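Dear colleague,

Please find the structure below, together with its sequence. My notes on what was found in it follow directly after.

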Amino acid sequence: MKKLINSPDRVLDDALVGVAAAHPSLTVNTFDRYIARAGGPTPGKVGLVSGGGSGHEPLHGGFVGLGMLDAACPGEVFTSPVPDQILAATRAVDVGTGVLHIVKNYTGDVLNFQLAAELAADDGVRVEGVVVNDDVAVENSTWTAGRRGTGATVFVEKIAGAAAELGADLGTTAALGREVNDRSRSFGVALTPCTVPASGKPGFELGEDEVELGVGIHGEPGRARGRLTSARELVAVALDAIHTDMPLSGEVLVMVNGLGGTPLIELYVVYAAVAEWLAGHGVGITRNLVGNYVTSLEMAGCTITVCRLTPQLTHLWDAPVVTPALRWGR
């Protein structure tokens, strides 16, 4: 194992110190382990809290800031945050208008956020939750009952965050988040495994000419092993799966997301193939992201996420955002 760390058991602690040093717009509570906006909560605004295991950066801490999250709770690498830290973050961002929890559909995340919401309710904090489950590859896989939550988490956090920033109430913000999830689908492909620092060895094995079709963001098995082929052919596998599950039409938002170990030039090769496939099916890309947004440590590969847009969702996507990982409009 070759990693730029000090010790395997201090990766998260050391990374949080780095986040605090790099981003004065954020405040890092190292005791309760959450990242929040440095200026504190905005009076009258619904708070947004998300979180999950570390190793997926910039998700979630990189999306804390104007127009997105108010706080993020990082667990240990590929390990759910605990209820106490979620509760502390929820309390910290509540100003009396309620808090929205945005949760990827992994059993530990769902259970711990639910418990934190119940504890917050005992304190008089109104909490609603949006569970993201956009991955079409498999159901009821490792760590998950139902479909896994992947790239659509970024879309939900951005669009719900914009709505909250514009003054939407808790129910409206939650409904928008659920709408984005319902209109989004993802599919991932891995070329290599990744290594969790605490384990010191790859989470799975792939042959030199093998890929994992439908891989999860923790290295969970996909729907099949396949042979390494062209980017165009791999994109067709992914988009065929998405289109079969949710027929694509009209205007869409597309994210080609690197899993941590894929050069940006390859992601643009993938994006070109995505644009070609969608144009051939009469679908117009009107908004896009290309880069590393939901990673899996150093895994090579990518995920493709497509959201069927409406005028309202496009307007909220375009709204100003100022976070370490997304920034436009100001």
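Six strands make up an open sheet of mixed pairing, ordered β1-β2-β4-β3-β5-β6; helices (H or I, at least four residues) and strands (E, at least two) are DSSP runs numbered from the N terminus, and two strands pair if DSSP finds at least two bridges between them. The edges are held by β1 (26-29) and β6 (127-132), each with a single partner strand, so one side of each is left without a neighbour in the sheet. On average, neighbouring strands of this sheet are turned by 20 degrees against each other, direction ignored.

This is a predicted model, in which local features need pLDDT of at least 70 and side-chain atom pairs count only at pLDDT 80 or more, while totals for chains, interfaces and linings use all residues. Residues are numbered from 1 along each chain as its sequence is written, and side-chain values use heavy atoms, with hydrogens and water left out.

Within the sheet, strands β3 (residues 47-54) and β4 (residues 71-77) run parallel and are joined by six bridges. Gly-52 stands opposite Pro-74 in β4. Helix α5 packs on the sheet, touching β3, β5 (99-104) and β6, where contact means heavy atoms within 4.5 Å. The direction of α5 makes about 5 degrees with that of β6; axes are lines fitted to C-alpha atoms, for helices over the stretch in contact, and angles run from 0 to 180 degrees between N-to-C directions.

Helix α5 (residues 170-182) also contains Asn-181. This residue is buried, with a relative accessible area of 6% (buried means under 20%, exposed over 50%, partly exposed in between, with a 1.4 Å probe and protein chains only). Leaving aside neighbours within four places in sequence, Asn-181 is in contact with Val-131, Val-132, Asn-133, Asp-134 and Val-156. Asn-181 and Val-132 are 49 residues apart in sequence, yet their C-alpha atoms are 5.9 Å apart in space.

Two helix pairs may also be of interest. The axes of α4 (residues 152-165) and α8 (residues 311-318) come within 8 Å and cross at roughly 85 degrees. The two helices are therefore roughly perpendicular to each other (angles under 35 degrees count as roughly parallel, over 145 as roughly antiparallel, 65 to 115 as roughly perpendicular and the rest as oblique). Phe-155, Lys-158, Ile-159, Ala-162 and Ala-163 of α4 make the contact with Leu-313, Leu-316 and Trp-317 of α8.

For α6 (residues 231-245) and α7 (residues 264-280), the axes come within 9 Å and cross at roughly 50 degrees; these helices are therefore oblique to each other.

With kind regards
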